[in-house]
Amino acid sequence: MEQILTSNLFSSSDATYITTNLLNNPDILFKVLNAIPDVIKVYKRDKSIIFFNEAACHFYDKNLEEVYNKKCYEILDYRSHCANCAFNKVLKTKNTVSGERYYPKANKYMDVCLTPIFDKSKKIIFIVERLTDVTEKKTLSNLIKRDEKMYHQIVNFYPDGIIILQDYKIVLANNEVKNLLGLSEDSKKSILYYIPQKDRKNVTKIIRSILKNKDTKIIRHYNYINHKNKKISLQFSLSYISYKGSDAIISVIRDTTEFEKSLDMATKIQSSNLQKNFPIMEKANFEYLYYPAHTVSGDYFKMFKISENLVVGILIDVSGNGVTAALNVSAFDILFLQEILKKHNPITILNNLNAKYNKYDKGFIAACCFSFDFAKKEAVIIGAGINEFIVKRKNGIVEERTVKGSFLGMFQNSIFDKQLIKFDSGDTFYFFTDGLDFVFDEDKIVQNYIKHSTMYEFKKYLDDYLNDLLIEKGKLIDDSSMLAIEIK
């Protein structure tokens with residue numbers, strides 16, 4: 001994509017348009033968007049295409065040179081826009097529009113979401129379209145509507161593996177799952193036989209829970225050595241069904257080996273750009289925790305050295321997740337950088353950012369802005385949606401602090417509380433996004449653990465907790481981040 005920007009394909013005005021209005025940080029953002037397995041497309045107001053990610057190019061079997069500046073309907077070989085065009089609805093309502101659509105050429109059902117992006121004057125400058133494959137969902141909904149013969153035909157022609165379990169035994173398996181797991185034609189073994197031994201206890205627990213609560217769409221991922229001695233990643237999507245009058249579980253098994261590589265790439269790209277050290281290393285030790293709930297995170301932090309004795313930083317939690325969160329984080333990074341170049345007072349920075357987000361109508365953002373003055377030995381903490389933090393004194397006393405303040409962009413004239421805290425060598429400050437709200441539970445278990453542990457031990461405690469949660473639940477409910485700053 002970077003090479004295309006400098007080719008004859010784009011005029012200089014187009015290149016300027018893209019770099020100024022679409023990509024605040026092209027090197028990173030392009031790689032993240034291309035690593036996302038969903039189809040991502042970006043249009044101008046006139047429906048002309050200015051960006052396709054790699055998944056979009058693959059889906060339409062076209063490269064960016066072929067689609068650039070063409071209308072959305074032209075890539076589908078239509079002469080005019082579709083009836084009930086969602087694009088027109090976005091332009092008219094200025095709201096996100098979503099729905100479901102069948103693409104005959106790809107033989108896929110896609111969840112379609114179009115999101116408007118605004119300039120400073122609240123005018124739509126371009127529209128981002130995301131397509132997510134929901135063929136599995138549609139196929140499964142059709143299964144229960146067909147007779148037994150048709151049911152088996154659909155299952156066998158389905159491109160992913162499908163099995164039905166009763167009493168842990170495989171009572172139905174299509175051809176694809178036989179290839180994935182190496183099943184024999186008449187195999188009626190327990191599913192646990194095909195699950196890695198370290199995961200069997202967890203799988204047993206999940207199956208019991210699904211049958212008890214009649215859960216649907218429970219997603220789990222496992223690394224698996226198949227019958228060809230090849231390491232693959234498998235995604236299990238499990239749901240309760242009634243099969244031949246008895247309780248059962250249907251599972252769609254998908255080979256996600258390449259998909260997982262893409263997810264890992266996107267996560268690594270974002271993680272590699274995280275700040276690894278405190279800006280004035282001789283003044284404080286620094287640790288962080290960073291767990292995205294999805295492919296990329298809506299959490300973000302940044303700290304700047306203002307002088308030899310002053311550091312100003314911010315921790316934010318952007319609403320949404322995935323591509324939307326990545327775009328909003330990139331936009332916020334630019335806005336915060338603009339502020340820090342001019343202002344160093346945390347409350348002034350948040351007031352200015354709040355005014356900008358009210359003006360741009362970009363939604364709400366939770367934030368906590370802080371400064372550490374090592375000459376005065378004072379910390380200033382301002383809350384805007386991230387309102388709780390912890391100070392552990394060098395003598396072991398743990399102080400749970402609260403700074404009131406609404407989310408950025410919520411109210412035009414928001415008032416943000418300030419706390420000025422004197423600190424000394426050995427004191428530690430902990431800041432958290434809401435994925436780690438359990439730290440502030442009333443039973444105070446975590447605070448008691450902080451009292452008797454070092455900053456590094458507490459980070460490991462949270463690491464273990466979140467990893468256990470991933471094993472048990474398969475995913476996190478929200479992005480989870482922590483900053484820990486220990487005064488030297």
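Two strands are said to pair if DSSP finds at least two bridges between them. Helices (H or I, at least four residues) and strands (E, at least two) are DSSP runs, numbered from the N terminus.

Five strands make up an open sheet in the order β12-β13-β14-β15-β18, and their pairing is antiparallel. At its edges stand β12 and β18 (418-422), each with a single partner strand, so one side of each has no neighbour in the sheet. Direction ignored, neighbouring strands here are turned by 15 degrees against each other on average. For such angles, axes are lines fitted to C-alpha atoms, for helices over the stretch in contact, and angles run from 0 to 180 degrees between N-to-C directions. Within this sheet, eight bridges join β12 to strand β13 (residues 310-318) in the antiparallel sense. One example is Y300, whose bridge partner in β13 is I316.

The model is predicted, so to speak of local features pLDDT of at least 70 is needed and side-chain atom pairs count only at pLDDT 80 or more, while totals for chains, interfaces and linings use all residues. Residues are numbered from 1 along each chain as its sequence is written, and side-chain values use heavy atoms, with hydrogens and water left out.

Now the chain as a whole. It contains 15 helices and 20 strands. Of its 488 residues, 49% count as buried, where buried means under 20% relative accessible area, exposed over 50%, and partly exposed in between (1.4 Å probe, protein chains only). The accessible surface of the chain comes to about 24,700 Å², and 50% of this belongs to carbon and sulfur atoms; the areas come from the Shrake-Rupley method with a 1.4 Å probe, and for residues only the protein chains shown count as cover. Contact means heavy atoms within 4.5 Å. Among the contacts in the chain with a separation of 6 or more, 57% are between residues 24 or more positions apart.

I turn to another open sheet. Its five strands have the order β11-β20-β19-β16-β17, with antiparallel pairing. The edge strands, β11 and β17 (398-402), each pair on one side only. From one strand to the next, the twist averages 15 degrees.

Which strands does β19 pair with? Strand β16 (residues 388-392) pairs with β19 in the antiparallel sense over four bridges. Here K392 stands opposite T428 of β19, and V391 has F429 as its bridge partner. Strand β20 (residues 480-487) is joined to β19 by five bridges, and the two run antiparallel. In that pairing, Y430 has A484 in β20 as its bridge partner.

Why is β19 described as largely enclosed by the rest of the structure? The reason is that five of the five residues of this strand (residues 428-432) are buried. In a regular strand, side chains alternate between the two faces of the sheet. In β19 both faces are covered: T428, Y430 and F432 are buried on one side, as are F429 and F431 on the other.

A helix accompanies this sheet. Helix α15 (residues 455-473) lies across β11, β19 and β20, and runs at about 5 degrees to β11. L462 has its place in this helix, and L462 is buried, with a relative accessible area of 0%. Which residues does L462 touch, leaving aside neighbours within four places in sequence? They are L289, F432, L436, F438 and M482. L436 is 26 residues from L462 in sequence, and their C-alpha atoms are 8.9 Å apart.

Finally, the aromatic residues. Rings of Phe, Tyr and Trp (its six-membered ring) pair if their centres lie within 6.5 Å; planes under 30 degrees apart count as stacked, over 60 as edge-to-face, and the rest as tilted. The whole structure holds 29 aromatic pairs. One of them, F286 with F301, is edge-to-face, at 6.1 Å centre to centre and 65 degrees between the planes. This pair links distant parts of the chain, with F286 in strand β11 (residues 284-291) and F301 in strand β12 (residues 299-307), 15 residues apart. Both F286 and F301 are buried. Elsewhere, one aromatic cluster is formed by F278, F370, F372, F374, F389, F423, F429 and F431.

That concludes the presentation; thank you for your attention.
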